[in-house]
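I opened this notebook to record where parts of the structure touch one another. The entries follow the order in which I looked things up.

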Amino acid sequence: MTVTRPPAGMLSVLDRPNSYIGKTVPRPNLDRLLQGRGQYVSDLELPRMAHVVFLRSPYAHAKIVAIDADVAKRMSGVISIVTGRELEAVITPWVGVLSHLKGLKSAPQHAIAVDRACWQGEAVAAIVATSRAAAEDAMEHISVDYEELEAVTDMRTALDPATHVIHPSLGDNLAFERTLNAGDVDHALLGSEVVEADFVFGRHTGVTLEPRAVVADWSAAEGRLTIYQGTQAPHMVQNIAALHLGLREAQVRVICKDVGGSFGIKVHIYADEMATYALSKLLRRPIKFVADRVESFNTDIHARDHRCRGRIGVRPDGTITAFEIDDLTGIGPYSMYPRTSAIEANQVVNLVGGPYLTPNYRARARVVFQNKNVMCQYRAVGHPIACSVTEGLVDLAAARIGMDPVEIRRRNLIADDAYPCASPSGMKFEQLSHHASLAKLLQMMDYDALRAEQAALRAKNVHRGIGIASFIEVTNPSAAFYGVGGAKISSQDGVAVRLDAQGSVICQTSITEQGQGSESLTAQIVGSVLGVSMDRVRVTLGDTDNTPYGGGTWASRGAGIGGEAALQAAKALRQNILDVAAAILQSTPAELDIVTNSIINAGDGAPRMELNELARIVYFRPDTLPPGIQPELMATRHFVPRQYPFAFTNGIQASWLEIDTDTGFVTLLKHWVVEDCGTIINPQLVDEQIRGGVVQGLGAALFEKCIYDERGQLTNANMADYLVPMSGEMPDIDIGHVVSPTRESELGAKGAGEAGTAGAAAAVANAVNDALRPFGTKITEIPLTPQVILTALGRI
Amino acid sequence: MSAPVSVSLLVNGEPIDAVVLPRLNLADFIREHLKLTGTHVGCEHGVCGACTVRVDGEIVRSCLMLTVQAQGASVETIEGLSDSGEIADLQAAFRERNALQCGYCTPGMLMTAQDLLKHVSMPDRPAIREHLSGNYCRCTGYQAIVDAVEATARTRAERRA
């Protein structure tokens, strides 16, 4: 591990005896999951609970003329069949826009379609029954009279005057457009070699192993709705449910226990989830909705369906003179709520060229409506596109001037001592480490030896390639992401810490757990700062009634923001404990410390009093405390970054692969990542976040694509036809770190959750082009299926 | 064919008598009738492996098997393997190596890994990857799982030696 700079100040609260910071410790409470005794929403049953299934439009675009449910309503087990028009009385529609994305427009979306369905899979009726099977039986007996309408499916023609406008009230199919012009691109390109390419990205989706699941329980007696949901952002769900059901937020409680995978899929508000909340209120009983796999493919947000024309200018000495992009993406018929579907394109504009020195950058991004499933933010939002375009162009530029891909990066990456600085798109960088990361990567992969091996094998007609991709990653987002645009999505997080009556610690945090290790990092930080062993720290997450208010876990923010809140809360509690201890022991707080669950003398380490004894006195014998002492064995602190809108991180990835030029199959041999996420709380958890993220990116690079036909029908909405990475095709992934802590927090941690996904596909695409260099091909499309490769080779 | 049918089987060694619809699959029976929710449902078409259980010693996808087909069989779920201690070492290896994140694939993954370790004493990494290649994990990227299975194979081999 390379440390580019030490944390500010001297010995910090993290450098204490028995600190858990920087150590690999197993996550607490894993036995629950290892024994199959987790509590996922799919597992939940409540008394009188009914099940809802949704009848979904088979057409990409159709007028709903009539719905006949008479037969279905009389079937055994059926409780109610509800149409969009009927549900409107309970829940109001929404429009997914944010004011800081100027010009972003969308149309009102209903929980269940009213009069018109706008994508194949949009719900047109809800069937509530005593069991899911009974509801599905009844669904087959509902007859809907549809009038099929023209479907807009090709993003390239969505803005043509001849194309049908999906929402006539909006005037056209343009949801959002952003342009940027920094420096002088035209002038820069004049004296440069200019390389141009069209980059095409497959539309893919998250495929969480547990589908989206919600149980909504309206208590008419309490006037309160309890929502059990696998979500990344409980307080956001609370806000939105209350807003559209006409309730105060205090009337809504959101509980989130175990979540079977998320990756951004479960950070949004889906129409069928809103319908489930509303149905519970309407029918005054608990209602459960669990998407099946086909519904997941048709309704979980999709992502990355972009076509991006990119240009790069390069001089013979390797100097990159400019980047230019024209990005186009189709997002489905509505901008998703409440985070909107313009963020990915906006991020692409923000991030292209980000690791490099050139000040000349021009960009246009257009976001258009289509009659396909909605697109929105998925792990590493925009990053894989920006990284693939940038790094693809850099490699093409290197090839044009005959320079090694490593050398061109060395000459153009922002110097490690140039910070703080800003990118042409205005992104502020506090401290990045591109060159240290590159150097470490080359050493880990033994670049020169691999090049020699590649050359030797080429002589034997074995085609291997090396691909490299530098990247930057947005983490720890401040209010700049959503709050400034008017969304009630908190960018701050809070942690409450208290000492219980036996000297154990209970923490409540507003960040959430989907397996990243939020519980672990909170316990590690609190245990370290307080001087309490981790087995005595219990963490509560995912309950709006029982945690401080906060944003949750998304955009690589849990450790950096929630972790700092935990650190500050633990510091405050530690001071309170030492104040009480000093009073009891007739000492001063400065002369005392807490180590391994005991108060000790700071000077000689002599034990003075165990924490459980202190707790006993405080809670049961406060009469024995000196007069005027009121112990506060609970402390709450909140944190939000204020100085930097985002804590940018950086890293670099490399792929080593082999292509069978007869079959077009790619075999991934090895993958390397060097990443700089600042202070590392738990090295194992960081590495596993990166590995998991890389493999999601490898899926995008090689396999994953939602295939729509020209009528807007998703043709591969099942796991046999939509391919995801399985263990057999995945390589081992080596990970290294450079550590540049952020000085915006005492903890110094930045996010690490999306780094793997950001750069993996770019590294693979560059490696494929490197392997195929003798054939004179250039592929700028993912997924890199055998068909794509064989087509490029002219074999089919 | 749609009238309820009586079925008798052993689940984790416990005799179960039930009356079920012929169409009820074994995964739904285990989860909804027996409340053993450790058997997870991910795709309901036999691809993801989350619902893997053991029937008469062989691993099967319980979403692809009807409950009535388990008449007279011995079914073992993750809860049974956990309580008997059969996979305690494998579970410990998963914990130490963080070979699980969200945990949803984990019961099926453990079932499949234990099946491999019962049949092959010292599988190499490609063999482990191959045997697990019918179990989908979106979180880990598989390497930690392969490491944990490899480590368990090694310790079991050492114990035998």
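**Entry 1: the model.** I noted at the outset that this is a predicted model.

**Entry 2: domains of chain B.** I looked up how chain B is divided and found domain 1 at 5–81 and domain 2 at 87–160. I then took the centres of domain 1 and domain 2 of chain B over C-alpha atoms, and 22 Å separate them.

**Entry 3: the contact between these domains.** I asked how many residues each domain of chain B gives to the contact. Domain 1 of chain B supplies 14 residues and domain 2 of chain B supplies 13 residues. On the side of domain 1 of chain B that touches domain 2, I found two or more residues each from strand E3 (52–55) and helix H2 (78–84) of chain B. E3(B) gives the most to this side, with 3 residues. I sorted this side of domain 1 of chain B by class and recorded 7 nonpolar, 6 polar and 1 charged residues.

**Entry 4: chain A against chain B.** I turned to the two chains and found 42 residues of chain A in contact with 40 residues of chain B. Which elements give two or more residues to the side of chain A that touches chain B? They are helix H1 (30–34) and helix H17 (683–702) of chain A. The largest share of this side, 7 residues, comes from H17(A). By class, I recorded 18 nonpolar, 14 polar and 10 charged residues on the side of chain A that touches chain B.

Technical notes:
Residues numbered from 1 in each chain as written. Chains lettered and ligands numbered in written order. Predicted model: local features only at pLDDT ≥ 70, side-chain atom pairs only at ≥ 80, totals over all residues. Domains from an automatic or database assignment. Contact = placed C-beta atoms within 7 Å. Helix = DSSP H or I, 4+ residues; strand = E, 2+ residues; numbered from the N terminus. Nonpolar A, V, L, I, M, F, W, Y, C, P; charged D, E, K, R; others polar.
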